[in-house]
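Please keep the structure in view while reading.

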Amino acid sequence: MKALTDRFVPQSSSKSEKHSIPATPLVSSDSEPSDNNKFTLWSNVSAPSSSVSQPYRESSTSRGHKQVCANGWTAFVKKVSMASGAIKRFQDRVLGPNRIGLPSTTSDVWLLGVCYKLSEDEASEETDDGSVVAALKQDFSSRILMTYRKGFEPIKDTTYTSDVNWGCMIRSSQMLFAQALLFHRLGRSWRIKKSEKHEQDYLETLEPFGDSEASAFSIHNLIQVGESYGLAAGSWVGPYAICRSWESLVCKKRKQTDSEHQTLLPMAIHIVSGSEDGERGGAPVLCIEDVTKSCVEFSKGQAEWTPLLLLVPLVLGLDKVNPRYIPSLKATFTFPQSLGVLGGKPGASTYIVGVQDDNGFYLDPHDVQQVITVNKETPDVVDTSSYHCNVLRYVPLESLDPSLALGFYCRDKADFDDLCLRASKLAEESKGAPLFTVTKTHSLVSHSSCEFVEDTEEEREEDDWQLL
């Protein structure tokens, strides 16, 4: 990824000029950028240079900023133009050309288990606010967005005060977990209402994802518990590693304070793994017996079943997703339990929340925003607009990296049974290429949500998301 960044960030023949041009992060740029996007672009231009493997630093007196002031307005505008072009070329190379809005088709759109049927007029978006498209956009904008943040306290013993250029997979996973909490507390039909006071449950969903060690599900705490899976400040990580890191983090928080844990994540976590534990392919096996054990452990034997978050890390090909898997991958978005997909390109993760034909609609974590604090005790002064996105973006599913992870939320046993029936039927119709299979019991030892199994050195090797 560093090589790609060096290739697409413009360089000057002058050494001093070279240091005045930042290594810009991967940022989604709209045809008509929002105020936040404009701020991101202009602030990146005036920021000091940093390679993709170095901390993102904040300093208004940095050498890059002084260079801008010295060269005057003409040089500043020139630099904006060059940086904007670099961002666009970089994004085209990694995620493909920026595709915004709805494709010109009347095919159904599935967004986390909800279907939106479009007419020809609606497909062209030439309709009023009461249209299906308006409902789709409201649903999409109500999903939780997590992006790069800058200005937070240093991570552990490093100097990193931002996750720009390396934290996209962590942010994507935070989005999936936040969605699970949102569905659990407020239901799938909840929509954000900007003109009204925020609900307490909504603020309690966002609060644990703050950017400090005091926030339970922060990037700081994920990196700390995920070291054995390769998580480190300044480094990328794959879907399998981030799923296991979340499992470890939730277990750690549960052991620290049981009562607080029940509020933070009131559901069991179960990771569905194949014979190679999700890292090297093979259809993972969803064992009902193992899931039941995870629920019993979560409730400490008080209940046979609890709300459940299922994570399914997958490897669906070599360099890109094998076309045989795409029909099944699309079908998972029709499941009422769907939490979407953690996926993208190597080093450039996104959170895919919907599909139409062979395209996936996603939330992009690559915008850079200032760190903020959400406090449920002061709902009147909390601005949560940076946690939502109003711009539909899509990417061809065939262009995704084959390393990805599915997420599902089951509110109760009936919900889980329904998921198993749908998944079994999907596997039968997959023509020999199932995403995962379902069984009642098996003899293999599995990783339950709070049983820590020591990995071998081979199992800790970096996956395709880390080796470019």
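A residue is called buried when its relative accessible area is under 20%. The model discussed here is a predicted one. With that cut-off in hand, strand 6, which spans residues 308–315, can be described as largely enclosed by the rest of the structure, because 7 of its 8 residues are buried.

**Strand 6 and its partners**

Strand 6 is paired with strand 4, residues 268–271, and these two run parallel and are joined by 4 bridges; within that pairing, Ile271 has Leu311 of strand 6 as its bridge partner. Strand 6 is also joined to strand 12, residues 403–410, but here the two run antiparallel, with 8 bridges between them.

Leaving aside residues up to four places away in sequence, Val312 touches Val272, Pro284, Leu404, Ala405, Leu406, Phe408 and Phe436.

Strand 8, residues 348–356, runs antiparallel to strand 9 and is joined to it by 5 bridges, with Tyr351 having Leu363 of strand 9 as its bridge partner. Strands 8 and 9 form a hairpin with 2 residues between them, and Asp357, in the turn, has a positive phi of about 55°. Strand 9 also pairs with strand 11, residues 393–396, in the antiparallel sense over 4 bridges, and in that pairing Asn359 stands opposite Pro396.

The pairings described so far are listed together below.

| Strands joined | Sense | Bridges |
|---|---|---|
| strand 4 and strand 6 | parallel | 4 bridges |
| strand 6 and strand 12 | antiparallel | 8 bridges |
| strand 8 and strand 9 | antiparallel | 5 bridges |
| strand 9 and strand 11 | antiparallel | 4 bridges |

**Nonpolar cores**

The largest nonpolar core has 74 residues, and the members that touch the most other members are Trp166, Phe177, Phe217, Ile242, Trp246, Leu309 and Tyr351. Helix 7, residues 168–186, supplies the largest share of this core, with 11 residues. Apart from this core lies another, of 38 residues, which has Val312, Val321, Val355 and Leu435 among its members.

Which residues does Phe217 touch, not counting those up to four places away in sequence? They are Gln174, Leu181, Pro208, Phe209, Leu222, Trp246, Leu249, Val250, Leu264 and Leu265.

**The chain as a whole**

The secondary structure of the chain comes to 14 helices and 13 strands, and of its 468 residues, 57% are buried. Among contacts in the chain with a separation of 6 or more, 75% are between residues 24 or more positions apart. The accessible surface of the chain comes to about 19,800 Å², and carbon and sulfur atoms account for 50% of that area.

Definitions and conventions. Residues numbered from 1 in each chain as written. Predicted model: local features only at pLDDT ≥ 70, side-chain atom pairs only at ≥ 80, totals over all residues. Heavy atoms only, no water. Core = buried A, V, L, I, M, F, W, Y, C linked by side-chain atoms within 4.5 Å. Buried < 20%, exposed > 50% of the residue type's maximum accessible area, 1.4 Å probe, protein only. Contact = heavy atoms within 4.5 Å. Pairing = 2+ DSSP bridges. Areas by Shrake-Rupley, 256 points an atom, 1.4 Å probe, with all protein chains shown as cover.
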